[in-house]
Amino acid sequence: MAVTVPLLYRYATLALAAYVDKPDIISPTDYRARLRVEGLSQGDAAAFLNDYQVLAYFNDSVGSSASGTSGISTGVPSSASATLFQDTHTGEQILAIRGSTDLADYATDFVSIFTLGSAKFQFQYTALREKVVEWISSGILKPGYTVTGHSLGGFLAVALTASAGPEIS
């Protein structure tokens, strides 16, 4: 696949959309408004709702934005958040990973990215990887999916791609 500016813009838009909490249960009107808050123009937000469907949402945290998960195997919420989208025209599945939003995320940025340069001992990576395995096992996520992310989400996307190998396009 040739990397073009429109393709990069498309995946960047999906990465921004990953910041919307609980996209699988909010109304289209609320979703459009939240996409606007995250930086999409009115036209881009409307097009996004036409072009993508939310297949699954994961937010491993506490509070109103959590999706009911609590730390997966560790029992400690990791603050990882991702949305699985499907392109309504092509069927492509895109896992978009949210970046930093709170103090725990910024600590992760400093320790995992700047200091260690690795996701090996990173709670968010572990929780996300376990969720991806669960989605694949249940048939929600199909091999050949694409991964994107913003900021910390980009770091996690690269780490996930390195560990998953050929399942990610």
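Keep in mind as you look around that the model is predicted.

Let's begin in the interior. In soluble globular proteins, nonpolar side chains tend to be buried together. Here the largest nonpolar core holds 21 residues. Leu95, Ile97, Leu128, Trp135, Val147, Leu156 and Leu160 have the most contacts inside this core. Helix 6 gives the largest share of the core, with six residues.

Leaving aside residues up to four places away in sequence, Leu128 touches Phe58, Ala82, Ile97, Leu156 and Leu160. Apart from this core lies another one, made of 16 residues, with Leu14, Val54, Ile94 and Ala96 among them.

Stay with helix 6 for a moment and find Leu152, which has its place in that helix. Is Leu152 buried or exposed? Its relative accessibility is 1%, and because buried means under 20%, Leu152 counts as buried. Now look for Ser100: Leu152 and Ser100 are 52 residues apart in sequence, yet their C-alpha atoms are 5.6 Å apart in space.

Next, turn to strand 1. This strand is mostly covered, with six of its eight residues buried. Strand 1 and strand 2 run antiparallel, joined by seven bridges.

A search of the whole structure finds four aromatic pairs. One of them is formed by Phe48 and Tyr52; this pair is tilted, with 4.8 Å centre to centre and 40° between the planes. Phe48 counts as buried at 3% relative accessibility, and Tyr52 counts as buried at 11%.

Tyr52 has another ring partner, Phe85, and this pair is edge-to-face, at 6.4 Å centre to centre with 70° between the planes. Because Tyr52 lies in strand 1 and Phe85 in strand 2, the pair ties together parts that are 33 residues apart in sequence. Both of these residues, Tyr52 and Phe85, are buried.

To finish, step back and view the rings together: ring pairs link Tyr31, Phe48, Tyr52 and Phe85 into a cluster.

Note on methods: Residues numbered from 1 in each chain as written. Predicted model: local features only at pLDDT ≥ 70, side-chain atom pairs only at ≥ 80, totals over all residues. Heavy atoms only, no water. Core = buried A, V, L, I, M, F, W, Y, C linked by side-chain atoms within 4.5 Å. Buried < 20%, exposed > 50% of the residue type's maximum accessible area, 1.4 Å probe, protein only. Helix = DSSP H or I, 4+ residues; strand = E, 2+ residues; numbered from the N terminus. Contact = heavy atoms within 4.5 Å. Pairing = 2+ DSSP bridges. Phe/Tyr/Trp six-rings, centres within 6.5 Å; stacked < 30°, edge-to-face > 60°.
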